[in-house]
Amino acid sequence: MLKRAAPLAGIGAGIAIPIALLAALEVAVGMGAVNRALVPAPSAVWTELVAIISRGKLWAPLGDTLSLMFTAYICASVLAVIVGVIMGRSRAAYNLLEPLVEVIRPLPKPALLPPLILFLGIGNEMKLVIVGLAVFFPVLINTIQGVRGVDPVLVDMARTFGYGPGRIATRIVLPAALPFIFTGLRISLGLGLILVVVAEMLAGTGGIGYLIVDMQRSFRVTSMYAWLFILAALGFALNFAFEWLERRLLFWSRQQEKGG
Amino acid sequence: MTAQTMTEPAPPPAKPRRPLLQSRVSGVLLVLALLVLWDLSARFWVDSTSWPTVTAVLAALFSGSADLFAAFTSTISLMLKGFVLGALLGVAGGIAIGLSPFLRRAFTPLLEFLRPLPVPGIVPPLILLLGIDDAMKITVVAFSTFFPVLINAAQGVRMVDPVLIDMARTFRHSRLRSMWQLTLPAALPYVFSGLRISLALALIVTVVAEMIAGGTGIGYYLMTMQYAMQPDRMYAGVVLLAATGYALNWLLLLAERRLLHWYSPG
């Protein structure tokens with residue numbers, strides 16, 4: 001009985017802690033303990049959030065942000081997997097490209113925003129390129145690692161059965177490297193979202209990141225927090241969807257994962 | 001989410017042990033060729049104010065521009081302060097939720113909601129609360145450092161061999177002593193992989209905070225030079241940041257090798 005009760009108490013506390021924090025904030029704002037102009041009451045943020053959704057103002061910025069994220073993420077990931085497989089399979093390609101990768105990879109990608117703004121302006125191309133750059137390298141590095149870790153016996157066997165290089169890449173190498181590729185994809189999801197928000201904040205005309213900065217500059221603090229909540233929910237939802245997809249696609253590799 | 005899979009693994013070493021430079025001749029030549037192409041194109045073909053020659057960029061970097069150096073030291077010092085703060089809180093929190101299932105369940109909903117939040121989002125509210133100076137930037141960096149360290153530390157604590165803990169209890173070691181001598185060392189490799197993720201992130205986030213909030217630092221410097229149409233100094237800043245990213249990762253790997261020489265993964 002006690003053993004059953006313990007997890008329940010923890011889960012109960014898990015629900016109670018956020019509620020208690022919000023309630024404390026609500027009371028503090030109500031009593032005037034914090035400056036209402038800077039910290040709005042959670043209930044006011046909630047009302048604003050409901051208003052944003054019910055007036056249909058959510059969809060255009062959300063659509064902007066999501067389309068930027070998905071376009072850049074998918075294009076850059078596909079490209080990174082292709083280059084990664086080539087670099088993982090061919091030593092010549094690896095030797096040729098690895099130094100270039102090592103020169104560009106450690107660069108904090110937001111630093112490339114100012115040069116890209118000079119070349120591409122503040123439009124969509126610039127944002128797609130900067131997000132794509134952030135997504136590309138983690139996927140590339142992990143794909144190379146995964147491809148190089150493929151059991152050579154598998155490849156030899158496939159060759160024995162008359163598989164050509166193309167079929168070996170898609171049927172043998174790619175599935176075996178998939179857990180690594182997903183590691184890269186997960187890192188890139190977080191980085192990509194960071195760059196989406198930064199690009200929108202610095203060069204935006206729409207999108208959630210732009211709205212957060214815009215509301216802050218015009219001192220519409222309640223709206224700012226409502227949009228921040230939307231951003232947090234978006235991050236949570238994308239992360240959740242990613243983990244669901246990963247479990248679906250990698251159910252067979254669970255037992256191979258090292259270190260718990 | 002394993003500690004290993006959260007790191008961005010370094011490319012595996014070349015299998016036949018040839019000297020590094022010799023095996024990568026083609027690659028190094030490619031990088032040099034691209035640089036030469038850039039320089040020549042800026043000299044002869046592209047007539048644009050946003051495309052300086054490589055030599056102009058290097059000149060801007062090495063001519064010891066005082067503001068670039070000041071911006072650089074400001075960035076590094078804020079980043080390190082935020083990183084250390086976030087890492088300490090992350091290790092402490094990670095040990096707490098790693099040791100206590102109750103705390104883990106109690107804080108999971110809050111942490112799981114905050115963790116995927118794209119960090120730049122909290123910069124505008126923090127500007128209102130803390131201003132655009134050091135306190136705000138340090139907080140943002142600490143926030144971004146906290147989560148990877150926390151999650152990896154918690155994971156590491158749970159990987160401690162329970163037999164060791166039982167044995168320590170048999171030998172009447174105090175809980176504090178077994179934590180210091182058993183739990184912490186066992187969690188250390190995981191903590192380090194969290195630190196490595198966080199360090200790369202901390203540099204990114206510092207630059208981002210400086211770009212959004214302005215005031216000081218290399219992120220702000222880059223934006224200013226872009227507006228001021230001084231691309232050679234802007235690129236010098238980019239090159240300096242790339243070198244910094246490279247050096248930080250290298251330093252942490254070195255520290256890891258020093259501290260974790262006893263540990264072999266896998």
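Predicted model: local features only at pLDDT ≥ 70, side-chain atom pairs only at ≥ 80, totals over all residues.
User: Where does B:Ser178 sit, and what does B:Ser178 touch?

Analyst: B:Ser178 is part of helix α10 of chain B, residues 175-213. Leaving out residues up to four places away in sequence, B:Ser178 touches B:Ala168 and B:Thr183.

User: What makes B:Arg158 buried, exposed or partly exposed?

Analyst: Its relative accessibility is 47%. Buried needs under 20% and exposed needs over 50%, so B:Arg158 falls in between and counts as partly exposed. B:Arg158 belongs to helix α8 of chain B, residues 134-158.

User: Which residues does B:Arg158 touch?

Analyst: Not counting residues up to four places away in sequence, B:Arg158 touches B:Gly98 and B:Arg104. As for B:Pro189, B:Arg158 is 31 residues from B:Pro189 in sequence and 13 Å from B:Pro189 in space, C-alpha to C-alpha.

User: How do you know what chain B is built from, helices or strands?

Analyst: Chain B has 12 helices and zero strands. Read along the sequence, the pattern is α-α-α-α-α-α-α-α-α-α-α-α. The C-alpha trace of chain B spans about 75 × 55 × 30 Å along its principal axes. Of the 266 residues in chain B, 48% are buried. Among contacts in chain B with a separation of 6 or more, 74% are between residues 24 or more positions apart.

User: Which parts of chain B are annotated "transmembrane region"?

Analyst: The label comes from an unreviewed UniProt entry, which covers residues 25-45, 51-71, 83-103, 135-154, 198-222 and 234-255 of chain B. Take two of these spans in the model. Residues 83-103 of chain B are 95% helix and 0% strand, with the end C-alpha atoms 24 Å apart. Residues 234-255 of chain B are 100% helix and 0% strand, with the end C-alpha atoms 32 Å apart.

User: Which residues of chain A does UniProt list for "domain: ABC transmembrane type-1"?

Analyst: The unreviewed entry lists residues 62-242 of chain A. Over that stretch chain A is 86% helix and 0% strand, and the end C-alpha atoms are 18 Å apart.

User: How do helices α3 and α8 of chain A pack?

Analyst: Helix α3 (residues 59-89) and helix α8 (residues 165-203) of chain A pack at about 140°, with their axes 8 Å apart. The crossing of α3(A) and α8(A) is right-handed. Contributors to the contact include A:Leu68 and A:Tyr73 of α3(A) and A:Leu185 and A:Gly192 of α8(A). The residues of this contact divide into 14 nonpolar, four polar and three charged.

Conventions. Residues numbered from 1 in each chain as written. Chains lettered and ligands numbered in written order. Heavy atoms only, no water. UniProt positions renumbered as here; feature names shortened; annotations may be inferred. Helix = DSSP H or I, 4+ residues; strand = E, 2+ residues; numbered from the N terminus. Axes fitted to C-alpha atoms, helices over the stretch in contact; angles between N-to-C directions. Left-handed = near helix turned anticlockwise from the far one by under 90°. Contact = heavy atoms within 4.5 Å. Nonpolar A, V, L, I, M, F, W, Y, C, P; charged D, E, K, R; others polar. Buried < 20%, exposed > 50% of the residue type's maximum accessible area, 1.4 Å probe, protein only.
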